Amino acid sequence: MAEKLSVGERIKKAVGIEGQTGEVIKPMLAYNATNISTSGAGYFFSLYYIPFLVYVEGLSTAQVGLIILIKSIWDAFTDPLMGIITDRTRSRFGKHRVYIIFSAIPFCFAYFMTWYSFGISGSYNTNAVMWYYITAYLLYSTATTVLLVPHTAMLPEMAPEYFLRTQYNSVGYLMNSAGMVPTFILATVVLNFVRPAKASLGGFFSSVGACFTHSLDPETIPRSSYMSVGLVLAVAYFIPIMITAAKCKEKSSLGEHFAPFDRVYFFREYKQVFKNRAFRQYFVISVLYAFALGFYNNSKIFFLKELTDTYFLYGLINIIAGVFEAGAFPLNYAITKKYGKQKCSWITTPFYVAALAIVLFLSAPKTEGMKTLTVILVIIHTVMYNFGLSGIGFTTSNTYPDITDVDEMITGRRREGVIATFSTFIKKIAAGLMGMFVLTGLGWFGVRTNKTNSTQLIGTTGKGYHAYELFGSFFGPSFGIKLFAAVIPLVFIICAMFALKHFTMTKADHTMIRAAIAVRKKYGAVLLTEEQKKRCEAIAGQRWDNMWISGCEEGSVPVELKTDETGKYIIFSEVD
């Protein structure tokens, strides 16, 4: 008679997650709880922050572009610095967890500040409003850096094994959706409900229905509604971060010894990272992937509102987006587990390419029949885009932790913070730079942001200098939106896939590297075959004799790696 499984075991079996609930599952859920807050906060930003600043706070899109640009420059300084700080931290809470504990309140308060100006907006001085939001955005960005860099850096320690990291990232994807979809629904309800005419039970149900039946026009939402959303979300995001802080234990770093910090230390650390071939490959793939997302995400609202006139679908398609990106997780996880971390990208990315291609054939419908067809195509585009996006996103997030082990093979040190910096840095810089670039570029093609003021254009381009005036009517607003929402992302994602082709580290390679590091640390020297040495050189991009792993401590005798009956490399702690 088959053993009856508990509900928890059935869920684990259906999803494909392995490990004991107490030893693996609970820490994994606790670690990824922070994803609910960071993904939810970032998602709502991507949907409403530019419309909020332009339509509600009255800033010009040139001023909004300046806010985004200053924030990106600030990130370029703070993210790498935080990577160094977290790697050099001595604390009884551990190198990384201590920052998660103390960043929760600043993160949530700064998030609220980005949606409320404490009366400055009432002055109608747009320069004062702009500088307030620059300050608020920088505080929020700094708090996010203090939270996210250590949180990302903690993953290799929480999940040292190749596929355990895949499980962590898989659950992380689910937690992302657990932050994004409820955030969107909650925010839509609050934005609808917190109005004098809507503050009733009937208004509440109308607000809930709005999530699925239509979208809010950003020009009609009062400032007080955004303040309410900022407050509600800030309080909600505090709880998941504290779950991670309370439940994810990390060993004390009080006994750690670090190299002296001098004026060249910072630059030497990051220069050394780029000597790692595996890191360089990961960096290029991540940058190209982030740029593809940046162009599309910053063009999305104009693709719906100006190109296809389907902004009324905004609520529905954002829910669909979250569902299908999360729904692809079991497939990506199963593919990764069987074929490695790169395979799922090759299987799902064609859907992403097809979704972007659909945009090229869309335009504002002129008849009811065309309107119905456009709605169907936009929904199909949304499904395919987010399903296809999930593959390469899954690959990049799964690849990052393995880079830290290659770095340790080269340097002999654990530098999760330095490596993690680029995981957060890439996303933030890409989002900021692409926001500025897209806003300015769309203005050059004549895309308007405010139908009540036909002279208000994105950027500062004057009459007679637009693309369609210089090169002909073909290069008008529709061309600009399709260029930024489809053509350029297609180019970047194809280049990312080409770069991914050259990233060849496998599970066996990673296990061998970890086993070699463990032997080198325990016995002072490790003995590898010529074939193993060549594989290490190919992954690291450095000669064997130039890496820490090749060293031999005085009086040590090199020890060979051991394998089990299946030929898998065994980490020495498993055979002690």
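Colleague: Between which two helices does the loop that holds F118 lie?

Modeller: This is a predicted model, in which local features need pLDDT of at least 70 and side-chain atom pairs count only at pLDDT 80 or more, while totals for chains, interfaces and linings use all residues. Residues are numbered from 1 along each chain as its sequence is written, and side-chain values use heavy atoms, with hydrogens and water left out. Helices are DSSP runs (H or I, at least four residues), numbered from the N terminus. On that numbering, F118 sits in the loop that joins helix 4 (97–113) and helix 5.

Colleague: Why does F118 count as partly exposed?

Modeller: The backbone of F118 has a positive phi of about 55 degrees, although F118 is not a glycine. Partly exposed covers the range between buried (under 20% relative accessible area) and exposed (over 50%), for a 1.4 Å probe and protein chains only. F118 therefore counts as partly exposed, because its relative accessibility is 45%.

Colleague: What is the relative accessibility of D309?

Modeller: D309 is placed in the loop between helix 10 and helix 11 (314–327). D309 is not a glycine, yet its phi is positive, at about 55 degrees. D309 counts as partly exposed, because its relative accessibility is 45%.

Colleague: How are helix 3 and helix 5 oriented to each other?

Modeller: Helix 3 covers residues 61–87 and helix 5 covers residues 126–158, and the two pack at an angle of about 25 degrees with their axes 9 Å apart. Each axis is a line fitted to C-alpha atoms over the stretch in contact, and angles run from 0 to 180 degrees between N-to-C directions. Angles under 35 degrees count as roughly parallel and those over 145 as roughly antiparallel. Helix 3 and helix 5 are therefore roughly parallel.

Colleague: How many charged residues does the contact of helix 3 with helix 5 have?

Modeller: Asp, Glu, Lys and Arg count as charged; Ala, Val, Leu, Ile, Met, Phe, Trp, Tyr, Cys and Pro as nonpolar; and the others, Gly among them, as polar. In the contact of helix 3 with helix 5, there are 13 nonpolar and nine polar residues, and the number of charged residues is three.

Colleague: How are helix 13 and helix 17 oriented to each other?

Modeller: Helix 13 packs with helix 17 (residues 477–500) at an angle of about 160 degrees, and their axes are 9 Å apart. Helix 13 and helix 17 are therefore roughly antiparallel.

Colleague: What distance separates the C-alpha atoms of A354 and L490?

Modeller: A354 belongs to helix 13, which spans residues 343–359. With a relative accessible area of 29%, A354 is partly exposed. A354 and L490 are 136 residues apart along the chain, but the separation of their C-alpha atoms is 9.5 Å.

Colleague: Which helix gives the largest share of the lining of the largest pocket?

Modeller: A pocket is an open set of points on a 1 Å grid over the protein atoms alone, with protein on both sides within 12 Å along at least five of seven lines, and its lining residues have an atom within 4 Å of a point. The largest pocket is lined by 32 residues, and K251, E408, R414, E416 and K521 lie nearest its centre. Elements that give two or more residues to this lining include helix 3, helix 5 and helix 14. The largest share, four residues, comes from helix 18.

Colleague: How many charged residues are in the lining of the largest pocket?

Modeller: By class, eleven residues of the lining of the largest pocket are nonpolar and four are polar. The number of charged residues in this lining is 17.

Notes. Parallel < 35°, antiparallel > 145°, perpendicular 65-115°, else oblique. 1 Å grid on protein atoms, 1.4 Å probe; cavity = no way out; pocket = protein on both sides within 12 Å on 5 of 7 lines; lining within 4 Å.
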